[in-house]
Amino acid sequence: MFTVHIAIEAFRQDVLSRWLASAVSATVLDFFVYTMDFVYVMMIASILFYSLHFKNSAKQFKSKIYLVSTLLGIFMMIIMGVLMVDIVRGLISNSSCTYYVM
Amino acid sequence: MVIYFIPILLYWFLFCHVHPLCEVFLGYISFLFYSPAYLNILNIYSLCRIDDISWGTKGLDSAGFGKNAALKGGWKLLKFVHVFKYVFWNIIVAAVLLSLGSNYQTRFWVTFGMVVMIGGSVGLKVFVALVYMMLYKIRAPKIAE
């Protein structure tokens, strides 16, 4: 969760704020970060909910868990990419990035 | 990731084998993709199904065994406690970490501490694995004899 938040925050600062600063207000960009946090929390909550109510052989469980698993996997790869780019940019240039995450 | 690459690079330089390095690069993509499934989904599912005693009991959990109704009840309570603890502490930790968002200095030290903890444990594993491998290489000819 913390890593997700940091990655989305870094993406907002380094990409969205630069490209969309004139078109979109800062409040909307803040909203984007918290929306992504919310999506992540909802995905984890859905795993919890379906795990409590269904067995692994249930049809409802399978489809939802596969979907959430795929989404989390894609999420993770995007986060890794964002953090990697952010670290490299921070190392090679005088970036505005203030996060130091491996 | 960096810590894992050090012994593989060493292996590459020492034994001129590029194959493990390619495997790690390729495997890292799938590892990254599946890591949330391993870390979140399997953990949460196992916690939420801790009261499932339908396997390996040879029918002892079936109806007619009054004693096992109490056993099931006990496991249900245990499940409730564990799931509640998991959710409660996750919410607390997430709230604390996210509330540090405005203070970069604090966030840096928290992140740094986490990285040191994770890096330390991975580094220890790598160190032990390297020692094991070196000992194995030294002893291997003697075993063959």
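A residue is buried if 20 or more other C-beta atoms lie within 10 Å of its own, exposed if 12 or fewer, and partly exposed in between, with C-beta atoms placed from the backbone. This is a predicted model, where local features need pLDDT of at least 70, side-chain atom pairs count only at pLDDT 80 or more, and totals for chains, interfaces and linings use all residues. Residues are numbered from 1 along each chain as its sequence is written, while chains are lettered from A and ligands numbered from 1 in the order in which they are written.

**Exercise 1. Work out whether Phe127(B) is buried or exposed.**

Step 1: find Phe127(B) in helix H4 (residues 104-144) of chain B. Helices here are DSSP runs of H or I with at least four residues, and strands are runs of E with at least two, numbered from the N terminus.

Step 2: count neighbours. Phe127(B) is exposed because it has 12 C-beta neighbours inside 10 Å.

Step 3: look along the chain. Pro7(B) sits 120 residues away in sequence, yet its C-alpha atom is 9.0 Å from that of Phe127(B).

**Exercise 2. Find where confidence in chain B is lowest and where it is highest.**

Step 1: start with the whole chain. Its mean pLDDT (the predictor's confidence in each residue, from 0 to 100) is 77, with 79% of residues at 70 or more.

Step 2: go helix by helix. Helix H1 (residues 2-15) of chain B has the lowest mean, 70, and helix H2 (residues 19-48) of chain B the highest, 83.

Step 3: keep a caution in mind.

Step 4: for the complex, the predictor gives an ipTM of 0.70 and a pTM of 0.66.

**Exercise 3. Describe the side of chain A that touches chain B.**

Step 1: get the fold of chain A, which has three helices and zero strands.

Step 2: count the partners. Taking contact as C-beta atoms, placed from the backbone, within 7 Å, 19 residues of chain A meet 20 of chain B.

Step 3: assign the touching side to helices. H1, H2 and H3 of chain A each supply at least two residues, and H3(A) gives the most, with seven.

Step 4: sort by type. Ala, Val, Leu, Ile, Met, Phe, Trp, Tyr, Cys and Pro count as nonpolar, Asp, Glu, Lys and Arg as charged, and the others, Gly among them, as polar.

Step 5: zoom in on one residue. Beyond its neighbours within four places in sequence, Ile65(A) contacts Ile47(A), Tyr50(A) and Ile41(B).

How values were computed: Two residues are in contact if their C-beta atoms, placed from the backbone, lie within 7 Å.
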